[in-house]
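Try each one with the model open before you read on.

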Amino acid sequence: LNLTENNAKTVVVTATNTFTPKQAKFTVRKNVEAAEVTHFSVPNSFNFSYKCGGDSYWKAIPTLKAGETSAPITVKPGVECQVKENSGTPENLNRALEWLGAQSQAGGTATFRTDANNTVALVATNTYTEKTGQLEISKQVVDQTAGAANIPGTFQMKYLCATGQKASSLTVPEGSVSVNKGGTATITGIPVGSQCCLLYTS
């Protein structure tokens with residue numbers, strides 16, 4: 001403004017301050033570890049939800065696949081937030097969920113405090129292993145020969161287990177086990193969901 005005697009007038013200057021609330025952000029990344037799962041499919045789509053201080057309900061986070069990271073989620077700064085995974089676990093698998101980037105975790109739920117100056121980066125890692133059971137084979141002998149025959153004391157049994165009819169569905173390869181008369185043999189490490197076949201070879 002250039003004021004002189006010739007153009008002197010009242011000039012009104014208005015200064016406007018615009019205030020916006022501070023915001024904080026966080027992201028969720030999904031990792032999956034399943035090196036020990038060789039016979040079954042592992043989930044590849046995961047649902048999460050979150051709520052922060054003052055929220056009365058859980059809010060959904062867009063579905064993530066293994067290896068994906070969510071878009072930054074905007075929340076209030078300086079409040080405590082919780083994030084949980086809602087996806088189920090297949091009945092033939094064990095799942096261990098571990099959170100990184102959270103201040104604490106309990107029951108599969110991560111808890112953290114938001115920060116206006118930093119984006120909190122959470123990582124949820126599911127480690128899957130196969131559930132296993134065991135097969136017990138007992139051998140009972142009924143001797144109706146009145147002692148006239150020489151009945152063996154040990155019997156040989158062959159076995160294999162699979163989830164279907166294709167060779168690729170084999171979960172326990174063909175093996176054999178000796179069972180004593182009146183005794184029991186145990187085969188362990190059989191993936192849950194398998195069907196087993198026994199063949200008496202003695």
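## Cysteine exercises

With 105° about the S-S bond, the link of Cys 52 and Cys 81 is right-handed. This is a predicted model, where local features need pLDDT of at least 70, side-chain atom pairs count only at pLDDT 80 or more, and totals for chains, interfaces and linings use all residues. Residues are numbered from 1 along each chain as its sequence is written, and side-chain values use heavy atoms, with hydrogens and water left out.

**Exercise 1.** Find where Cys 52 and Cys 81 sit in the chain.

*Solution.* Begin with the bond: the S to S distance is 1.9 Å, and a disulfide is a pair of cysteine sulfur atoms within 2.5 Å. Strands here are DSSP runs (E, at least two residues), numbered from the N terminus.

**Exercise 2.** Is Cys 196 buried or partly exposed?

*Solution.* Recall the cut-offs: buried means under 20% relative accessible area, exposed over 50%, partly exposed in between (1.4 Å probe, protein chains only). Cys 196 has 36%, so Cys 196 is partly exposed. Its disulfide partner is Cys 161, which is buried at 0%.

**Exercise 3.** Which cysteine sulfur is nearest to that of Cys 197?

*Solution.* First, list the bonded cysteines in sequence order: they pair 1-2, 3-4. Cys 197 is in no disulfide, and the nearest cysteine sulfur, at 8.8 Å, is that of Cys 196. Finally, check the surface: Cys 197 is partly exposed at 47%.

Conventions: Helix = DSSP H or I, 4+ residues; strand = E, 2+ residues; numbered from the N terminus.
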